[in-house]
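Please open the model in a viewer and keep the sequence panel beside it.

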Amino acid sequence: MGIDLKAALRGGAVGIALALSACGGSGDASPVEETCEGEACAEASTGGTTDPVASTGDAAEGSSSGGEAPAGDVPCEVAAILSAHCGECHADSPAFGAPMSLVDIEDFRVPAITEPARAVAELTLERVDDTERPMPPDGGLSDEDKAVLTGWIDAGMPPHEGAACEDEPDAPDQPTGPDALPCEPAAEFHAFADGAPSEPFVVPDVDDLYMCFVFDSPFGDITQGTAWAPDIDDERVVHHWLLLKTDNPDYVPGTAFPCGNDVTLETQMLMGWAPGTHNFVMPEEAGLELPAPGERVVLQIHYNNTAGYDDALDQSGVALCTTEEPRPNLASTLWLGTTEIEVPPGERVTTTGNCNTGVRATEPFKMLLSWPHMHEFGEAIRTEIIRDGTGEPQMLTEVPEWNFENQIYYPYEPAIDVTPGDILRTSCDFYNDTDQTVTFGEGTGDEMCFDFALVYPITAFDIDNPFGPPELGRYCVGLGGSGFP
Ligand code: HEC
């Protein structure tokens, strides 16, 4: 059984399209704040979301047209929802692949860029209720907020009346970007033009382009990562990115090529970014495992140039602090979930994998974050912890509305303490709308049910791993709802 699984796991590509973002919550602080002045600004930035790339400062050309807001102002309760749940991407200067602004009434009246026959308002009604491709992409709009927004549109989008809206207090600023790191970055990986690493990548006019940019590993044998920061360049078109490592020779350093959102299983995730993700600083006692000399680093960026910008040049990437004095604990990816998946045609099935840490872990460990992963038949995924294998399951991470195009990463603050004997249970809900049975595999017609957890010390799992070499990450993949063998 172990051998089969190993073959299955190593055989193909694993669809890894994890969009990483802060915990699904509303963002904090609006990009608008950076770019406008005066009263109109105060109104436009109601509620505030944090511009995750504030410190890169180039919120780009379109920046706010400033003063003339009042005429087309939306009512305060609508403005608050737009600011908190849409503003991060649909601000005055749309960002992160969003094709348009959603700030004043006119923004809702104009024809949609993707469907000029229909108004943006009409698409908004559709997308806030769309279970496949919800807006906001994390599906995080409450029923109350949805009712306010759709009620306003249905009522013909009446303008704001009366006194200026009150600002909601800004969420505490989470400084983001290389300048906000508590250390001097030792390595940087940025998008580049194929064959010309110092030239920016020219982002073509397409949707859902996944590009791979390949680098030689610049790290030594004992180098560990201690902190990292996203460095987002043309934020109009960057949807999310992942930094991966691989020893697969098909990835040639200095090349940049469209790689789809599947990367082979010889690839392991190191870190990632999506709107809302901030700098990450490892706890003092732990360092991130990095690619060895001779391995490759792959920066995979998901671009969305739906708006068709013809001047989109991008050098987005990541800056990384490292240490040559290894910290006491090595942090790396632990695979949770199951490969035993069978969803008959037309059926809904929940698959569960139990990671029995009593069998698999030699010492207590900490979980820093979860990156759930399924393919397109996935509807929901969650990871729970069952203390001592017997207690009530406690929810650690729950994704109630799975969206393949926008996979989210969930930091644990504080980190979760796991004691050998605790069970980590990952459950996936699938719905198969085809006439073929869906099973585990790498293709889009196949399914996966994984939670890639960042844990330390990863050495707690260096025992008799039947599923592959430790460089690929360690497995605690439960089978068929039973415990790990
Ligand atoms: C994290 C970024 C993000 C947030 C937050 C977000 N959107 Fe979007 N939105 C996008 C991206 C990227 C697209 C283009 C891709 C797509 O259509 O899914 C988009 C597309 C749309 C479209 C379709 C436009 C078209 O022409 O097809 C609508 C409508 C929309 N968003 C409305 C909203 C509303 C309303 C909110 C808040 C309640 C919201 N969005 C929040 C990123 C975001």
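**The iron site**

Select the iron atom of the ligand: its site is octahedral, with angles of 88 to 179° among its 6 donor atoms. Donors are N, O and S atoms within 2.8 Å of the metal (3.2 Å for Na, K and Ca), and sites may look incomplete since water is not among the atoms. Six donors count as octahedral if opposite donors are over 155 degrees apart and all others between 65 and 115.

The model is predicted, so local features need pLDDT of at least 70 and side-chain atom pairs count only at pLDDT 80 or more, while totals for chains, interfaces and linings use all residues. Residues are numbered from 1 along each chain as its sequence is written, and side-chain values use heavy atoms, with hydrogens and water left out.

Which residues coordinate the iron atom of the ligand? Select His90 and Met135: NE2 of His90 and SD of Met135 do so, at 2.0 to 2.2 Å. His90 lies in the loop between α4 (76–86) and α5 (105–109), and Met135 in the loop between α6 (120–127) and α7 (143–154), so the pair ties together parts that are 45 residues apart in sequence. Helices (H or I, at least four residues) and strands (E, at least two) are DSSP runs, numbered from the N terminus. His90 counts as buried at 9% relative accessibility, whereas Met135, at 29%, counts as partly exposed. Buried means under 20% relative accessible area, exposed over 50%, and partly exposed in between (1.4 Å probe, protein chains only).

**The shell around the ligand**

Cys86 counts as buried at 12% relative accessibility, and Cys89 counts as buried at 16%.

A polar side-chain atom of Thr114 is 2.6 Å from an oxygen atom of the ligand. In His90, a side-chain N or O atom lies 2.8 Å from a nitrogen atom of the ligand. In Arg133, a side-chain N or O atom lies 3.5 Å from an oxygen atom of the ligand.

**The disulfides**

Now select the cysteine sulfur atoms. How many disulfides does a search of the whole structure find? The search finds 4 disulfides, a disulfide being a pair of cysteine sulfur atoms within 2.5 Å.

Go to Cys212 and Cys259, joined with S to S 2.1 Å. Their link is right-handed, with 85° about the S-S bond. Cys212 is in strand β4 (residues 209–216) and Cys259 in the loop between β7 (256–258) and β8 (262–264), 47 residues apart. Both Cys212 and Cys259 are buried.

Move on to Cys355 and Cys476, also joined by a disulfide (S to S 2.1 Å). Cys355 belongs to strand β17 (residues 348–356) and Cys476 to strand β25 (residues 474–477), so the pair ties together parts that are 121 residues apart in sequence. Cys355 counts as buried at 1% relative accessibility.

Finish at Cys428 and Cys449, where the S to S distance of the disulfide is 2.0 Å. This link is right-handed, with 90° about the S-S bond.

Definitions and conventions:
Tetrahedral: all angles 85-135°; square planar, octahedral: opposite > 155°, others 65-115°. Polar contact = N/O pair within 3.5 Å; in protein donor to acceptor, adjacent residues only side chain to side chain.
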